[in-house]
Amino acid sequence: MLIRLKNPTVIQFTLFISIFYVAVFNIPFFRIVQIGIEKQGEVDPLFIATIPIFLIFALSFIFSLFSVKYLLKPFFIGVTLLSSCVFFAAQQYGVVFDYGMIENTLQTNSAEAFTYINFSSVVNFLLTGLLPSYLILKLNIRYKPVLTELLYKFAFMLLMLVGIGVIGFFYYQNYVSFGRNNDELKRFIIPTYVLGSIAKYTNINYLQTPLEYKQIGLDAVNETQDTNKKPNLVVMVLGETARSMNYEYYGYDKSTNTYTKPYGLTAFMNTTSCGTATAVSVPCMFSNMSRKDYDAREAKAQDGVMDVLQHGGIQLLWLDNDSGCKGVCDRVPHLIVKLDNDSKLCNGQYCFDQVLLNELDKALAELKHKDSLLVLHIIGSHGPTYYLRYPEEHRQFSSDCQRSDIQNCSDKELMNTYDNTILYTDYIVAQVIEKLMSEQERYDTGMIYVSDHGESLGEKGMYLHGAPYAIAPDEQIHIPMLTWFSDDFAAENNLDLTCLKAKARVGGFSHDNIFDSLLGIMNIKSEVYDKRLDIFSSCRLPK
């Protein structure tokens with residue numbers, strides 16, 4: 001037996017590695033199976049016993065397609081290294097690598113990527129990635145003559161299909177019923193789901209013919225541009241990874257909104273995101289597509305709301321301290337904060353969001369006297385290194401989780417760390433309002449804050465974000481949305497703030513409202529504007 005392990009045939013290798021993948025990499029999958037069993041109550045134990053066998057048969061069949069001389073070792077080493085990383089993310093954080101997560105991962109900058117490296121992840125990669133890959137490399141696999149090898153392979157694959165067929169014959173209804181009740185199961189099968197997601201991403205972004213770029217809203221006109229009143233100045237603070245349930249405004253029992261409370265902000269209840277990751281939510285919310293109709297490829301190939309505002313003569317500037325604007329600001333003036341600048345707020349890997357306040361000061365000093373929208377894209381509450389998102393003097397809640405392997409912190413420590421990021425964001429928003437108030441001699445001012453998505457902090461065994469929307473928990477999709485408008489802004493723009501607060505209490509908004517609400521509040525008239533989706537429209541008094 002030992003000799004066979006050292007010098008396996010192709011079929012033996014395929015079977016061995018299939019068993020290894022099922023026994024190790026698919027532990028997260030079986031955890032979901034266990035949850036499904038507990039939810040369902042009575043389940044045939046023999047059916048449950050067939051699940052790992054079925055998975056071994058299925059992976060063996062698929063792996064046989066790649067168990068070819070000269071391809072075998074490179075393929076399985078590569079897939080094993082990838083599976084090791086996916087396994088750790090799924091096991092420790094409950095992350096699923098669907099299309100959206102692949103997109104989000106590939107758009108992650110190096111500084112952000114390094115935050116996921118810690119003792120636990122390194123040990124996992126050594127034991128489940130590098131060590132198996134080294135063993136595969138050193139194996140002396142015995143190949144038969146080509147025709148003989150093909151016959152054996154065909155017989156083996158046929159046997160696997162027969163095994164799958166036998167299980168299906170006896171337990172087909174069980175699999176259909178269990179699968180329907182636990183749709184997320186397929187997303188946790190390693191490596192098939194992640195490989196399918198990579199193939200889908202590659203096809204859409206690299207193999208398909210790019211769509212012809214489409215400009216929209218070219219008829220955009222600023223309805224107030226010829227008036228003699230003060231120009232409008234709105235600052236939109238685009239949050240990162242903030243969930244509404246940790247906001248005092250939404251009933252949270254900790255003081256996470258201390259800084260903005262004096263300004264009487266309007267908090268919009270029950271607001272949801274377009275996606276569960278920045279790479280999806282940001283381009284989606286600035287597009288004129290709804291969440292249900294959103295198509296990333298199509299959104300890339302047409303104007304978003306920033307472009308339409310620019311068509312309408314609004315002065316624009318995007319200031320970014322996160323992972324970029326995901327294409328939203330490509331055609332308008334923008335600035336990405338340099339992580340290696342001389343500011344004490346940056347250390348070469350990240351910057352505290354206060355650095356954007358300095359950039360905002362410069363931008364305000366250079367603005368032309370016309371209607372303007374400035375976007376501050378903050379790093380906010382981006383994990384897992386939440387403790388790196390706020391300076392020491394803003395470490396209000398302690399003890400906190402001063403590490404990146406957050407699953408090894410206590411619930412209290414993790415929550416304190418996250419709450420510190422929310423409180424620090426509240427400080428940033430308050431400072432933005434202060435700066436806008438100081439500009440009221442020159443401008444009628446307003447502020448809009450909205451987060452891109454939420455975050456899981458251990459609830460149901462899930463951490464971070466990026467879950468497929470169909471199975472995403474409330475923690476990842478319920479987000480804060482806040483507004484502040486000066487009295488002059490409200491008066492000059494016929495905005496009834498009492499009406500707006502009443503509307504906000506009813507809530508039920510989403511990122512679907514952002515496109516039209518920005519056009520509406522900046523008084524842009526265009527064929528692409530839909531008044532029904534404008535949050536502010538029903539509270540605008542007749543002129």
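D400 is buried, with a relative accessible area of 6%, where buried means under 20% relative accessible area, exposed means over 50%, and partly exposed lies in between, computed with a 1.4 Å probe and protein chains only. The model is a predicted one, in which local features need pLDDT of at least 70 and side-chain atom pairs count only at pLDDT 80 or more, while totals for chains, interfaces and linings use all residues. Residues are numbered from 1 along each chain as its sequence is written, and side-chain values use heavy atoms, with hydrogens and water left out.

The side chain of D400 meets that of R395 in a salt bridge, at 2.7 Å from N to O; the term stands for a side-chain nitrogen of Lys or Arg within 4 Å of a carboxyl oxygen of Asp or Glu. R395, in turn, is partly exposed, with a relative accessible area of 30%. Side chains of opposite charge can pair when their charged atoms come close. A search of the whole structure finds 13 salt bridges. Among them is the pair of K261 and E248, whose side chains meet at 2.5 Å, N to O. K261 and E248 are 13 residues apart, and both are placed in the loop between strand 2 (232–239) and strand 3 (266–267), where helices (H or I, at least four residues) and strands (E, at least two) are DSSP runs numbered from the N terminus. K261 is partly exposed at a relative accessible area of 47%, whereas E248 counts as buried at 19%. A further salt bridge joins the side chains of D530 and R532 at 2.9 Å, N to O, and R532 counts as exposed, with 73% relative accessibility. K230, D444 and D488, finally, are linked in a network of salt bridges.

The backbone deserves a separate look. Most residues other than glycine have a negative phi, and most peptide bonds are trans. The bond joining G383 and P384, however, is cis, with omega about 5°, and P384 is found in the loop between strand 7 (372–377) and helix 15 (411–437). The peptide bond from S398 to S399 is also cis, with omega near 0°, and S399 has its place in the loop between strand 7 and helix 15. As for phi, K460 has a positive value of about 55° although it is not a glycine; K460 lies in the loop between strand 9 (456–457) and strand 10 (463–464) and is exposed, with a relative accessible area of 70%. N523, another residue other than glycine, has a positive phi near 60°. N523 is found in the loop between helix 19 (514–521) and strand 13 (524–525), but N523 is buried, with a relative accessible area of 4%.

The next topic is the set of annotated spans. In an unreviewed UniProt entry, the annotation "transmembrane region" covers residues 12–33, 45–68, 75–93, 113–137 and 149–172; such positions are given in the numbering used here, feature names are shortened, and annotations may be inferred rather than shown by experiment. Over residues 12–33 the chain is 95% helix and 0% strand, with end C-alpha atoms 28 Å apart. Residues 45–68 are 83% helix and 0% strand, and the end C-alpha atoms of this span lie 37 Å apart. S64 is found in helix 4 (residues 45–64) and counts as buried at 2% relative accessibility. Apart from neighbours within four places in sequence, S64 is in contact (heavy atoms within 4.5 Å) with T14, K153, F156 and M157.

Helix 8 (residues 119–138) contributes ten residues, the largest share, to a nonpolar patch. This surface patch of about 1,200 Å² is made by F114, I117, F119, V122, V123, L126, L127, L130, L131, Y134, L135 and L137. Patches are made of residues with over 30% relative accessible area and no salt bridge, like charges being joined within 9 Å and nonpolar side chains (Val, Leu, Ile, Met, Phe, Trp, Tyr) within 5 Å; accessible areas come from the Shrake-Rupley method with a 1.4 Å probe, and for residues only the protein chains shown count as cover. Y134 has its place in helix 8 and counts as partly exposed at 47% relative accessibility.

In helix 10 (residues 192–207), V194, S197 and Y201 are buried. They cover an arc of only 60° around the axis, which puts them on the same side of helix 10, the arc being that of the directions from the helix axis to the C-beta atoms. An α-helix has 3.6 residues a turn, so residues three or four places apart point the same way. What covers the buried residues of helix 10 includes helix 5 (72–93) and helix 6 (99–106).
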